[in-house]
Amino acid sequence: MDISLLLIILLVGAIATFLAGDKMASKVALFFGLVSLGCTLYLLSLFNAGQNLDLTMAWITKPVISFSLKADGLAFAMLLLNGILTPIIILSSFGNEVKNAKNFYALILFMSFAMAGTFLASDGLLYYIFWELALIPIYFIALIWGNGDAEERKKAVVKFFIYTLAGSLFMLTAFIYLYSKAGSFQLEALYNLDLSADEQLWIFLAFFFAYAVKIPLIPFHTWQANVYQKAPTVGTMLLSGIMLKMGLYSVIRWQLPIAPMAAKEYMNIFIGLGIAGVIYGSIVALRQRDIKKLLAYSSLAHVGLIAAGTYALNLDGFRGAVLQMMAHGFVVVGLFFAAEIIYRRLDTRIISEMGGIRTQAPAFASMFMILVFASISLPSTFNFIGEFTVLYALFQVDMWFAILGGLTIILGAYYMLKLYQHSMLGETNTKIFKDVTFSEGLVMVSIIGVIMFFGFYPKPLTDLITPSLETILLQINR
Amino acid sequence: MSTVLIIFYVLSAVTLSTAFMTIFSRNPIHSAIYLVICFFSIAGHYLLFNAQFLALVHIIVYSGAIMILLLFTLMLMNLNKEDEVHKPRLTRLGAVFSVLATCGILLSIFLRSKPIMGDYDTTGEDYQSIKVLGKVLLDQDNGFMIPFEFVSVLLLVAMIGAVLLSKKENSAK
Amino acid sequence: MDNVLNHIGIENYIFLSVILFCIGVFGVLYRRNAIIVFMSIEIMLNAVNLLFVAFSTYHQDANGQVFVFFSMAVAAAEVAVGLAILVAVFRNIGSIDVANLKNLKG
Amino acid sequence: MDTTLALVLILAPLFGFLLNIFFGKQLGKTLSGAIGTFTVIVSFAVTLYFFLNITETNQAIQVKLFDWIAISDFKVDFGFLLDHLSLLWLMFVTGIGALIHLYSISYMHDDENMHKFFAYLNLFVFFMISLVIGSNLLIMFIGWEGVGLCSYLLIGFWYKNQDFNDAAKKAFIMNRIGDLGLLVGIFIVGFVFKTIDFAELKTIVLAGTMNNEMWITIAAIALFIGAAGKSAQIPLYTWLPDAMAGPTPVSALIHAATMVTAGIFMITRLYFLFDLAPLVQDAIAIIGAITSLVAATIALVQTDIKKVLAYSTVSQLGLMFLALGMGAYEIAVFHVITHAFFKACLFLGSGSVIHALHNEQDMRKMGGLRKAMPITFITMLLSSLAISGIFPLAGFWSKDEILMTAFHGNPVLWVIGSLASIFTAFYMFRLMFLTFFNDFRGTEEQKKHLHESPALITFPLIVLAILATVGGLISLPGNSWLNHYLAPFFPNKEHIAHALGQTEYILMAIATVGALVGIGVAYAKYMKQNQVPGADATFTGISKVLYNKYYVDEIYDAIFVKPINALSNFFRDFVEVGLSAFVFGFGKVANELSFQGKKLQTGSIGFYLFIFVIGFCAIISYLFIEL
């Protein structure tokens, strides 16, 4: 029994969904999403029982590339995020009529497969392949099933695609250089390389471009808001919930341990960049008219903080970042889903055209409110745990980083409450607004459940990720 | 001034002038005729070098085959009129300029390379009789056997290609 | 045996070839009639052939002459195919003015 | 046993919240109100048990449930600490909470979302309890932010009115500014002391081994910013008057009696830290004094009955901070308690008035209610006397203690505090005279319906009025039960008992005379001359400035809100567009290159050949010509 089982299930699921035909596709996809979640949990229990789930298989002999997967606590945390969100995202689209459903759902599962592969791969080139593979489904999802004017959409999506590809090109170069030094793409081999300070700096920067575009950090974020706005909500959820975390995860897994000297040397700059993202994203979010754009910029602010946490290079930073990645993943999916629910009923995403929904849909309003407060990390939600830990990690670096990063508490409250006020409160809306349906409620409740549970009891997660993060930290401080 | 040199000058004059006339005569048929003369004069150069076989082949191939082909084509297209429009002035200037440039560059290259003067020694060995050329061409070990065969294939392909290209298509129109 | 180059000098042949070649180039650039362009190309080829032979004599080596054979064969093939193409072009367009062949415009 | 009871104590209101939020509509109004009230009474009962227990045993109870957050430097338990301070606080939080719940059953009966109201109130009590009994700073922080959330929900309870929502949002955000300060304070404490558990912190600090003066000072500043946000001190006080948009019971419970005192609670909890930062203490005292005076002056001219009370609250909170800054923590606690009694009573009384007048809050349209609403009048009168500091009501004792401490510390602060007290007496009786005396100034329609409120409303009023009257007994000068009770909490403190000497009597006399003067002026102005403040436009000069609250809101708007929004617009319209254009620029350049390159493909063979020849020349000259 090893971790490849999960990948196989997801891939088989994607194929089965494609073969199932348009009518059955959504149900088959949901089934396989749940199976993969079950499989993740099962493997997690095996892992917790001390079983080694890693897999290494020879693949290509020249150059030496192996099919090797590494399942440690960090990877499992990300798999958990992927595993929980995939069925939720699939379920969230049940209220929509999807054309060519079989392609759509197959692409979702395929993307889930590629992302799981990215989190697991421990061979540089395999990782790179998965990393790029994840881009293909989202490209089609956003392009074909997106909304708005087709030309505009194409522009935004192609921009995103080329942007990320250009970023990863640097990463590929870095990997090739590392291969020429180490003679292998294996993670351990790369960790053990003895690189000079200059080499590390260049490797670090090359990785940085790939990740900065994906995460995104300012000023590499310009693709984000447009794509979020144009992509179908499912695509936005996949992007913001899981895919962005690929970048952040990779920072911890690849960038920092391979080039630790550069990371330490230029730590302040990169933390500063993250925090600049926090402030900039928050301020831009204040005056957005489109709900999805607002959420996109809020996402920019949050991932900026997470990135700052990872570059703080201490255990709290890593731990907080991973926790916050998960928390943000859940919350942002919930929020985008709320936006989608509103769109289904009012056919608009412009905030000023909403308002007064609370009277008609109290349950929805309450759930939305919980998500809003979770996203501004009210204590007792999962986000608070992550944000607190990250901010403390920043504090260990410098008090001012914590204070500036902490501005997100204030600014975040400002724009999120403003959004809530103008979308939900006020005089009763003249348009009819049905309260949430069963499947919608299920999505919301499961997300809220996860957020609240880990908000009060994050211990299982912390215990899961801490050992692997400590190993990585040891690697960085070698 | 030896006889050979005089012959060379005469032949060169003929070569260059006919080549020039080929380019400049308005009527394509005239051009073709000048070209034939040009080819013959080049064959004369070959003879001057005592390369008789080459001279013969040259006359057969160029003056015989290629010229006939050209003439046939000209007649096929009925192009013996002087109706060609001149290119624009800019183009002509450009042509002159680039030709001068090419000429200058080539000459300077050849003149600046290693001194080409020297003793033209003669080993007395036969190197250009038909016998020797045949050996060189068809020797399996250090000759040009395989390229030679390839050339024959090339000619075959060219023949097939020419037939295919000039065949009237039945389906179209 | 007396070497002809003793009387003429290789540089004379170089001059001759270069000028001949340039006349060919000029014809290619100057004329619009595709057949004349073809003829110019033949002139250029011959200029090169001539030089080959001259150097073959200069080095007392048969390889230069062998190369001329090949070059002739290629020229023959080229003319055959090229003229066939011209015929086809003429059939389609009704002219062989190179200025009219502008389908390659980007 | 203790763990279970502590869980009951904290979970009862949460249970009430869940029941009301999910099933409130089906339960019906009365039942949902009853559930809400009952759960708080349960909490009160458990508190009472613990309280009686601790007065006997003098032993603080610690409950640890599980590890919560993992931080490398320190660990954060999910646990509770029931010691002298927290139990005392709980007593009045749950006690007054229960009374206000009872009051709300009647007050909110006409509202269609009554079950939600009770749900939020219960949630508030839950968070307030966790704030008070949290065993470490982070649990307290849960409660701290949680009460902010409930405050947001309840201020914006009538969510159809966007002004109310704005007020709610403003309250939450200003609180969050303070919260950031508190968070930074927590970081520093954790970083320096490697623990954020109250009991451990106290042991470490009192042992005196840690002497990191600079960090402690910064921590104290940060924590004070947190307290200032929650307890509405300068410069973060402007949200509290706006928070009066919420239903009156909310104003009474959250914005007068309990939540706003959280800052004082926190500072008292961490008194050992503040004792090590004398500079910050001075700052607290000064800010407290100034806040108290500024708020009192604004209250002088307000016409909205709840606004007067709100500024009065800010002013009283300032006095408490003055006491804290003097290091007289138990006196601050004393004033918190007495203030909770009389201010809750005043708010509830004003609620009763508003209720009777069908949501009329403008005092210019009241008057002469004394006869129609005798119980409300008497209870409010008692409370007004108490807040004005008239012997022997509760406010007299607590306020006097503060002023005496101030006098011993710094006479300037004493002068400021006394002035604030005189103003207090004036505006309170201005309120009383305008509301209850002379003739009714409202509409005929309202006049017909004038009536005393039902028993559910008057009962809490009576209880609170009694407490406001006799509450001073818990800490009489010289023989203070409160100081005695809190002594285990302040193990390193000398008993601050002002020996009742000549100075003290003089001070008391001055204070009483001052209060009487304030009342007298109010009497002369509003009773004798029967003046009524004119319409908003008629205010001139200083009173116009005061009426507009020194234009602080406008100033904040101009300094913070507008620039941030302008910046946001600038970012959205220029920087974002610019960045986007920059990225697109790469694509544009490539596009443009290819477009220009396309022109090179003229299709003219002659041109191609020309280029070819040129290229040929270039290549051979590069290859063969040595320059």
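What covers the buried residues of helix 19 of chain A? In this predicted model, the cover includes helix 3 (73-92), helix 15 (315-346), helix 16 (362-375), helix 17 (382-397) and helix 20 (459-476), which belong to chain A as well. The residues being covered are E440(A), V443(A), M444(A), I447(A), V450(A), I451(A), F454(A) and G455(A). Looking down the axis of helix 19 of chain A, these buried residues fall within an arc of 135 degrees, so they line one face of the helix. Turned away from that buried side is a face with the exposed residues F438(A), G449(A) and F453(A). The length of this helix works out too: helix 19 of chain A has 19 residues (438-456), which at 1.5 Å a residue should span 27 Å, and the end C-alpha atoms sit 26 Å apart, in agreement with that figure.

Next come the contacts between chains. Four pairs of chains touch, and chains B and C have the most contacts among them. On this interface, 61 residues of chain C are in contact with 69 residues of chain B. The side of chain C that touches chain B draws at least two residues from each of helix 1 (5-8), helix 2 (10-30), helix 3 (34-59) and helix 4 (63-93) of chain C. Helix 4 of chain C gives the most to this side, with 20 residues. Sorted by class, the chain C side comes out at 45 nonpolar, eleven polar and five charged residues.

Chain A meets chain D through 43 residues of its own, which are in contact with 39 residues of chain D. The class breakdown for the side of chain A that touches chain D is 25 nonpolar, eleven polar and seven charged residues. Chain A does not touch chain B, and the nearest C-alpha atoms of these two chains are 36 Å apart. Chain A and chain C do not touch either, with their nearest C-alpha atoms 24 Å apart.

As for chain B on its own, its secondary structure amounts to six helices and zero strands. Of the 173 residues in chain B, 25% are buried. Among contacts in chain B with a separation of 6 or more, 45% involve residues 24 or more positions apart.

Within chain D, helix 19 (residues 411-436) packs against helix 23 (residues 502-528) at an angle of about 35 degrees, and the two axes are 8 Å apart. The crossing of these two chain D helices is right-handed. On the helix 19 side, the residues that meet helix 23 of chain D include S418(D), F426(D), R430(D) and L434(D). Their counterparts in helix 23 include A511(D), G514(D), Y523(D) and M527(D). Taken together, the residues of this helix-helix contact divide into 16 nonpolar, four polar and one charged.

Elsewhere in chain D, N58(D) sits in the loop between helix 2 (29-57) and strand 1 (61-70). Is N58(D) buried or exposed? N58(D) is exposed, because 12 other C-beta atoms lie within 10 Å and a residue counts as exposed at 12 or fewer. Between N58(D) and S231(D), 173 residues apart along the chain, the C-alpha separation is 30 Å.

How values were computed: Residues are numbered from 1 along each chain as its sequence is written. Chains are lettered from A and ligands numbered from 1 in the order in which they are written. This is a predicted model: local features need pLDDT of at least 70, side-chain atom pairs count only at pLDDT 80 or more; totals for chains, interfaces and linings use all residues. Helices (H or I, at least four residues) and strands (E, at least two) are DSSP runs, numbered from the N terminus. The expected span of a helix is 1.5 Å times one less than its number of residues. A residue is buried if 20 or more other C-beta atoms lie within 10 Å of its own, exposed if 12 or fewer, and partly exposed in between; C-beta atoms are placed from the backbone. The arc is that of the directions from the helix axis to the C-beta atoms. Two residues are in contact if their C-beta atoms, placed from the backbone, lie within 7 Å. Ala, Val, Leu, Ile, Met, Phe, Trp, Tyr, Cys and Pro count as nonpolar, Asp, Glu, Lys and Arg as charged, and the others, Gly among them, as polar. Axes are lines fitted to C-alpha atoms, for helices over the stretch in contact, and angles run from 0 to 180 degrees between N-to-C directions. A crossing is left-handed if the near helix is turned anticlockwise from the far one by less than a right angle, and right-handed if clockwise.
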